[in-house]
Each structure stands twice: as structure tokens, then as C-alpha cells.
Amino acid sequence: MVAFGRILGFCWRSGRLSRWGLAAALVAFLVSSSAHSKTDPPDVSALSVLYTSLNSPSNLDGWQTSGGDPCGDGWDGIDCSGSSVTKIDLSGRKLSGSLGYQLSNLPHVTYFDVSNNNLNGDVPYQLPPNVKYLDLSGNDFTGVVPYSISQMTELEYLNLAHNKLNRQLNDMFGRLSKLSEMDLSYNSLSGALPQSLGLLSSLTTLSVQNNKLTGSINVLANLSSLNDLNVANNKFSGWIPNELKGIGKLETGGNSWSSGPAPPPPPGVHYNARPHKAEGGGASARMAGVIIVASVFGVLVVVAIILIIGLRKSSPPSSIYLDDEARISEHKQFAPLSAHESERGGIAKGFKGDAFKADSNNSIDVKSLQSPSSAGLRPSLSDRIQSFNDNEFEARLKQRVSIRPVAYSFADLETATGGFATGRLLGEGTIGRVYRAKYPDGKVLAVKKLDSALFQGSLDDLVADISKFSHPSIAKLVGYCSESGHHMLIYEYFRNGSLYDFLHQSDGFSNPLTWNTRVRIALGTARAIEYLHEVCTPSTVHKNIKTANILLDTELNPRLTDCGLAKFYERTSQNLGAGYNAPECTRPSAFTAKSDVYSFGVVMLELLTGRMPFDSSKPRSEQCLVKWATPQLHDIDALSKMVDPALRGLYPPKSISRFADVIALCVQAEPEFRPPMSEVVQSLVRVVQGGSRRMDDSSVTSDY
């Protein structure tokens, strides 16, 4: 604009301010601006989302909610190298809000510091993937330490201290060979230290004081580079390993250490030698310990040999199809734990990790859902079957939009699905069947075999349309196949199945979805629909929103599927979803964006009540969920009786009331009175923001 003013001034002074002079000035300005714009567009977009998520603070000079040139115009707190943003330093700026959901689109950022602000919500899953220095300390972040940190192989400094992080640390540190300083102190982290902490070969400083961590600290004994360790004021037990007693700075007070001499390490476990203070004990005692260890080790070796021989005789031939039957129980294995079960450590049946656990006093923290990143893409934990192998996932994490659907051969898919066997059938919908495809390397995909009677036109065109969708809460199309008259779409595979499965087909009362998880699923799904309606060009109507089309990843974040398939629904005469259709939708072609809003309201009703949208087993007056529930949504007493009994009363009453208010808006009979999805999203955000108080497991103490 300054350049334009100078050109205009020159024309005025020279007496040449005519139509042609003004046009020339404008062209010169545009050319100058275009040449001056230095920043890569993905970086600009990511920073704009960040600025909006920070509530557009006025004290960040140069920042804009859209567009701009951070590198060329020198945005406050931003450093660049060439056209790429490399450093973001917003420490101590009194910022509020969250960090948005596009930070993973900043691949060149190596320094990210937003410490000492008032940021809240979950630590976003989407963080700069190649960061070396990451400081989020001194805020109000809640939730779990995001697993995406496990992929930051360049990370050298990590500081998440002085937040409100809770739950257990995932086993996520195995690849962080360059990490030298880590501070997780002054949070509410619980559970045992993960074994992968012992692989941090470069770690010199570790601070985990003032948490609720339990178990032993033996996993740290082999960290030979460690010279500053603070584990004070936790719930650790056992003995302090001798190997740690010689480090330069050690703080261990405020734990429940055992007294007396420490026992020898388990057979086969060897700790690195480190100089330490003498602990007493003669050579004879040490020799006796060695003899005991050797004897036990010898017995274990003999037992192991016998077991191996027995297993070889009894094991069936290996096959990638042998675990089809196990799929029946997958939802039970990965169902979220109720607050009581979590507190008892009920992580049986193969579930490892604590992603769904309520905090230590069984409270429900709805505030932890405020970050839009709670719907962000997350990998399977190390002990779970991954939808992608490690290399594919790492590339996906760095830039999700870089993944493009690839062509699969029919023969390849036929082999991976066992000939499209019944045992591999995941579900059957209006326009086709979905099969599970498993490969020898562990990769698992979902193959949607389209009904050939409904398919018209080119699959390539359909794939191109679906590939344009790029949102954390929309299931990603990863491949396709069009051979021998077969038309198939290949998606990410989510082992937890659909929201419908969790609400209506699993043992929901013993392992229910907690209230904060339900709100997180609703908000993530609403953001996906908002993206389809108001961000995509042209606007897209889904036309088949229902809980069966909302898939759940391993941490119960939602993924809306079947996006972009509306044209198929228009070619069928089937009822797309009993109980989900708005009153005006007498046929599929009548669906509009407002019809999607209605269907989403029904999904919210399912989350609230645990009931199916239409249930013929109920009394006639209760069979249609919308008709039964709508008159009661504003009646506090009636509402409390409608809430899913599986929640066992563990929810904030006023949060339920506000949630019901949003439902009432969505399921209005007249489409013109239903709000657009952007307003629904904002209403749900306000529900989340209202959740600043908590309740315990014995009574509801919050009145919000």
C-alpha cells in the first residue's frame, strides 16, 4: 500500500493523474506486491488459523486472520529463512485461546515457543513435525501428551511444565534419540514411566516432579548421559537404582521409596555402570546375589526352551487371515474405561495406554475438549494394529494433504480381503459393502465395494472429487480400484469401528463413552460438516449423516466417512437412515445442508440418551427418538431422566442442558429455523468453554 501511495503521488505531482496513469499505478502496485510476497502459502494459512485460534490478539503486530506475508512484512514473533517460516516465539504475550489445527503444515519450523500465556484445551495433535525446540510450558493445557511428539525425530528440547496435563504417558519416546532436555513437571500425569524413556540416549535433564506418577524409576537406570533428574513429589515406589545415585543433581523427595537394600535386577536385565556413593555390603553378599541370579536365569532358560518346542508343535500355520474372528471382540478390547474402572487400573483385555481415562478423582473435564485439534489425526499406539506402516504415517503426519489416493489392483485387494470373504465384511450400507484388507506387513485398510447398479460415470472423477476433502475429522481416501467391472474406494481403517457400534452394539454400560468423550465426538463431527458446507467449493451436502458413518480412531476421535458420495444416494429408493431424515426429506434428492443439520441433531441425541434413532422394541410413543425427546429437551427434570444410564450420573448437569439446547435447534421441523453448521460449532464450543468446573465420583458438585 505504501508503494501504491508513492506511485500515485508521483503521478499527481507530474500532472499525469489520468485514467491511464491511475491504471498504470494500480498495475505497478499489483506487480510490486506480487513480487514482494515471500511466504509459502501453506505457512500463511497455518499462521492465520493459529491467529484466529488465539482469538486474534491485537498485540501481535502484522498478523492477519487470512492472507498476508509473514516473512515479507515481518510478523511479530516470526522468523523466516527464504520463503519458509522457521521460528515462532510468542512467549509471555498474554495470549488466550488454543493453537488451532494446522501447525503440522509448518515443516520448516524448528523453534516453537508459546510458553507463559493463558492457552487452554488439549495440546494439539498437529504440531510442527520437524521442531527441535518445543516449549508449551506455563499455560492451562489439559489432556494427554500428544503421541505426535513420538514422530519428532529432530526434537532436542521439550517443555510442557506447569500445565494441567493428565493421564498416562504413552510409550512414545523410542525415536527421540536427540532429545537432551525434557520437563513435564507440575502437571497431573499418572501411571508408570513408559519403557521407551530408557531409550533416550542423549537425555541430560529430566524433570517430572509434582505429578502423580507411580511405580518404579528403574527404566531410567541405563540413561548414562543423565546428570540432572528430578522425580520429587510423585507416588513412586520401590528403590532408587544405584546407577542414578551418582548423577550430578538428583531430587527424589516426596515419594514412597522402600527402605533397606535394593534387590538385584531381574534376570537378563543389566544396568549401565555409573560411579555412585558406596552403599555398603560385603563381597560375600554380592557373590550370593550373583549365584542366585545365575540360578534363576538358568531355570528360566530351560523353561523357555520347553515352551518354544511346545509352541512350535501346537501353533497353526501363520496366515494374515487367522484373526478374522478376533474382530468380533475388538470394540470390547478398545472401549474407553469408565472412571471407576480406570481408577482401579482396569486396562485388561489387551488395552494398553490410558487415553480415555478420567482424571484421578473421577472428574469429567469438559474444558479439555476446547481445542479443535482434539479431532486431529492420531496414530495407533505401538501395541495396536496400525492403518499405515511407520514410514507412511510419518509422511502423513508431516503434511497430511500430501497423501494422494493410489491405484490398487483387483488381484491385490482380493488377496488382502481373503477373496472378499464374509469374515472380512465390516458392514453393508446403502451403496455397497465394506471389507477389511490386511497385508503381511501389518497394514490394514477398509475397502468399500460400490454397488455396480448405482455406479455411473468415471471412478477417476469421483476419486478426484473425494480427494479434495482434507480435514482432520474426515476419513481419508487412500486408494481406489476400477477393474473387471468392480469399483472400489479404499479408506483408512479404524479398528474401533463406528460410533453406532459403541453406543448400541458394545457392552456400553460396563465400558461407556464418558461425557467428555461424547462432547469431543460431537464437536469434531460438527467441524467436519461445517467444512463440507461452508469451506469446500462448491459446498457439499453429505446426505447420510448417522452414527454408523462416524468412525472412531484409537483415541476415540471422530472421522466422518462417505463424504462426496451423495450422488449415489440420489440413485437409490432406500430409506437412507431410519430416524435420521428431516421431515422434508421424502426422497434422497430433497436433502439440503439444513437436512444435514437435522441428521447431526439426531446423532447428538444418540450421544445424549444412548438410544437408537428408531427402536421398534420401545413403546410406540418412544420409538422415534426425535419425537420422544424433543418435548423434554428444555425440561430440567425430564432431561436428567433422558441421559444415557451408562454414564452413571458422571456428567455436569448444566453442560447436559446446554448440549440439549443445541440439539433442539438442530432438529426443528422447519429447515429455515435450523442454524448453519458454523453456528452449531460455535454453540458446542461454548458448551465446552462452560465446562470449567468438575465433579467427583460420588456426587455432582458442579452447577454449570
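**Figure 1. An aromatic cluster of Y51, W63 and W75.** In this predicted model, Y51, W63 and W75 form one aromatic cluster. The structure holds 8 aromatic pairs. One of them joins Y51 and W63, whose ring centres are 5.9 Å apart and whose planes make an angle of 40 degrees, a tilted arrangement. Y51 belongs to helix α3 (residues 41-53) and W63 to the loop between α3 and α4 (70-73), so the pair ties together parts that are 12 residues apart in sequence. Are Y51 and W63 buried or exposed? Both Y51 and W63 are buried.

**Figure 2. The ring pair of Y111 and Y133.** A pair of aromatic rings is described by the distance of the centres and the angle of the planes. For Y111 and Y133 the centres are 4.3 Å apart and the planes are at 5 degrees; planes under 30 degrees apart count as stacked, so this pair is stacked. Y111 lies in strand β4 (residues 111-113) and Y133 in strand β6 (residues 133-135), so that the pair links distant parts of the chain, 22 residues apart. Y111 has a relative accessible area of 21% and is therefore partly exposed. Y133, at 23%, is also partly exposed. K87 lies over the face of Y111, 4.5 Å from the ring centre.

**Figure 3. A charge over the ring of Y439.** This view shows another lysine and its ring. The charged end of K443 sits over the ring of Y439, at 5.0 Å from the ring centre.

Figure 4. Strands of a sheet pair through backbone hydrogen bonds, either parallel or antiparallel. Here 8 strands follow the order β3-β5-β7-β9-β11-β13-β15-β17, and the pairing is parallel. Which strands are at the edges? The edge strands are β3 (96-97) and β17 (256-257), and each pairs on one side only.

**Figure 5. Strand β15 and its two partners.** Strand β15 (residues 235-238) runs parallel to β17 and is joined to β17 by 2 bridges. In this pairing S237 stands opposite S256, and G238 stands opposite W257. The side chains of β15 alternate along the strand.

**Figure 6. An open sheet of 6 strands with mixed pairing.** The strands come in the order β18-β22-β23-β21-β20-β19, and their pairing is mixed. β18 (406-407) and β19 (425-428) stand at the edges with a single partner strand each, so one side of each has no neighbour in the sheet. Inside this sheet, strand β22 (residues 477-483) and strand β23 (residues 486-492) are antiparallel and share 6 bridges. L477 stands opposite Y491 in β23. Helix α10 (residues 459-467) lies across β21 (444-450), β22 and β23, and runs at about 175 degrees to β22.

**Figure 7. The packing of helices α17 and α18.** Two packed helices are described by the angle between their axes and the distance between the axes. Helix α17 (residues 653-666) and helix α18 (residues 677-689) pack at about 170 degrees, with axes 9 Å apart. Angles over 145 degrees count as roughly antiparallel, so α17 is roughly antiparallel to α18. Which residues of the two helices meet? S655, R658, F659, V662 and C666 in α17 meet V680, S683, L684, R686 and V687 in α18.

**Figure 8. The surroundings of L684.** L684 is placed in helix α18. With a relative accessible area of 1%, L684 is buried. Leaving out residues up to four places away in sequence, L684 touches A522, L523, A526, F600, M604, F659 and V662. L684 and R527 are 157 residues apart in sequence, but their C-alpha atoms are 10.0 Å apart in space. In the chain as a whole, residues 24 or more positions apart account for 58% of the contacts with a separation of 6 or more.

Technical notes. Residues are numbered from 1 along each chain as its sequence is written. This is a predicted model: local features need pLDDT of at least 70, side-chain atom pairs count only at pLDDT 80 or more; totals for chains, interfaces and linings use all residues. Side-chain values use heavy atoms; hydrogens and water are left out. Two strands pair if DSSP finds at least two bridges between them. Helices (H or I, at least four residues) and strands (E, at least two) are DSSP runs, numbered from the N terminus. Buried means under 20% relative accessible area, exposed over 50%, partly exposed in between (1.4 Å probe, protein chains only). Rings of Phe, Tyr and Trp (its six-membered ring) pair if their centres lie within 6.5 Å; planes under 30 degrees apart count as stacked, over 60 as edge-to-face and the rest as tilted. A charge sits over a ring if NZ of Lys or CZ of Arg is within 6 Å of the ring centre and within 35 degrees of the ring normal. Axes are lines fitted to C-alpha atoms, for helices over the stretch in contact, and angles run from 0 to 180 degrees between N-to-C directions. Angles under 35 degrees count as roughly parallel, over 145 as roughly antiparallel, 65 to 115 as roughly perpendicular and the rest as oblique. Contact means heavy atoms within 4.5 Å.
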